[in-house]
Amino acid sequence: MNSTLFIIGVIGNIISVLVFVSPIPTFWRIVRSRSTEDFEAAPYVLTLLNTLLWLYYGLTKPDGLLIATVNGFGAVMETIYVVLFLVYAADNVKRVKTAKLVAALDIGFFGIVFVATTFGIGGLDMKIIVIGLICACLSVFMYGSPLAAVRTVIATRSVEYMPFFLSFFLFLNGGVWATYAILDRDVFLGVPNGIGCFLGGIQLVIYAVYRNSKVGCQSPDNDEVAYDASTSLLSSDDRRYGQNDVSIRV
């Protein structure tokens, strides 16, 4: 690994770590109140799956150390978040729902991918391709999820439901890891992060257009629709900004 690639990878690790720890205020609120309230567990469960898959990819691919390290850290943080959701679930129904999601996705789906690629695919190159395709598809889906907020911003003509720093870090994180992927000639890392950078840029443009607008719709449903899971990575402990997503991945 050349020095330029290593430096960019380290920068990407730092940005991603900041994103992974950004939900801590939300979970501090959950621990203090001893309840998950109206926060949703699904985004954290999905992000845990994403980090596990990228960790596996980084460990499988030669010179994938920087990919593995940041996603290893992310997997640990997301596991803590999911455990807190199980411990402090607002009711038993939510606890059971979260447990089922974890069993189906983080244990079941990841287990199937691990077993199938470990025992069903012989060549290293083909194994990397299969794991990389799965990681890329999931990352594209998760990078696109914050666009749900764009519709709300346009409808309400207010950026209240789209924090600037979330969009900025989506753009920055995607750009750094896309650059890393280009230098490393890694299409599976480059495509989702290139798309993430592009989508983050769109959100920054939308923010610039509507940031001075005073018109906003305060319907109760906006709290649920506008910022879903992966769109509140850099949020405060306010309810509408409390559902993480995630989101940002490498």
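Here are some questions and answers about a predicted model of a protein chain.

Q: How much of the protein counts as buried, and how much area does the protein expose?
A: Of its 250 residues, 52% count as buried.

Q: What share of the contacts comes from residues 24 or more positions apart?
A: Among contacts with a separation of 6 or more, such pairs account for 77%.

Q: Which residues does UniProt list under "transmembrane region"?
A: The record, an unreviewed entry, gives residues 6–29, 41–59, 65–89, 101–122, 128–149, 161–183 and 189–210. Residues 101–122 are 86% helix and 0% strand, and their end C-alpha atoms are 30 Å apart. Residues 189–210 are 100% helix and 0% strand, with end C-alpha atoms 32 Å apart.

Q: Why are the buried residues of α2 said to be on the same side?
A: Helix α2 covers residues 24–33, and its buried residues are T26, F27, R29 and I30. They span an arc of only 150 degrees around the axis, so they sit on the same side of α2. The face turned away from that buried side carries the exposed residues W28 and R32.

Q: What covers the buried residues of α2?
A: The cover includes α3 (42–60) and α4 (65–87).

Q: Why is T36 called buried?
A: The cut-off for buried is under 20% relative accessible area. T36 has 1%, so T36 is buried. T36 is in the loop between α2 and α3. Leaving aside neighbours within four places in sequence, T36 is in contact with I30, L84, F85, Y88, A89 and A90.

Q: Why is R95 called partly exposed?
A: Buried is under 20% and exposed is over 50%, with partly exposed in between. R95 has a relative accessible area of 29%, so R95 is partly exposed. You'll find R95 in helix α5 (residues 92–119). Not counting residues up to four places away in sequence, R95 touches L86, V87 and A89. The C-alpha atoms of R95 and A41 are separated by 9.3 Å, with the two residues 54 apart along the chain.

Q: What makes D63 and R185 count as exposed?
A: Exposed means over 50%. D63 has 52% relative accessibility, so D63 counts as exposed. R185 has 79%, so R185 counts as exposed too. D63 is in the loop between α3 and α4, while R185 is in the loop between α8 (164–184) and α9 (187–210).

Q: How many salt bridges does the rule give?
A: The count comes to three.

Q: What makes K61, D184 and D186 one network?
A: D184 and K61 form a salt bridge, with the closest N and O atoms 2.6 Å apart. That pair links distant parts of the chain: D184 is in helix α8 and K61 is in the loop between α3 and α4, 123 residues apart. K61 also forms a salt bridge with D186, again with the closest N and O atoms 2.6 Å apart. Here the loop between α3 and α4 is linked to the loop between α8 and α9, K61 and D186 being 125 residues apart. Salt bridges that share partners join K61, D184 and D186 into one network.

Q: Why do K61 and D186 count as buried?
A: The limit is under 20%. K61 has 13% relative accessibility, so K61 counts as buried. D186 has 4%, so D186 counts as buried as well. D184 is also buried, as K61 is.

Technical notes
Residues numbered from 1 in each chain as written. Predicted model: local features only at pLDDT ≥ 70, side-chain atom pairs only at ≥ 80, totals over all residues. Heavy atoms only, no water. Buried < 20%, exposed > 50% of the residue type's maximum accessible area, 1.4 Å probe, protein only. Helix = DSSP H or I, 4+ residues; strand = E, 2+ residues; numbered from the N terminus. Arc of directions from axis to C-beta. Contact = heavy atoms within 4.5 Å. UniProt positions renumbered as here; feature names shortened; annotations may be inferred. Salt bridge = Lys/Arg side-chain N within 4 Å of Asp/Glu carboxyl O.
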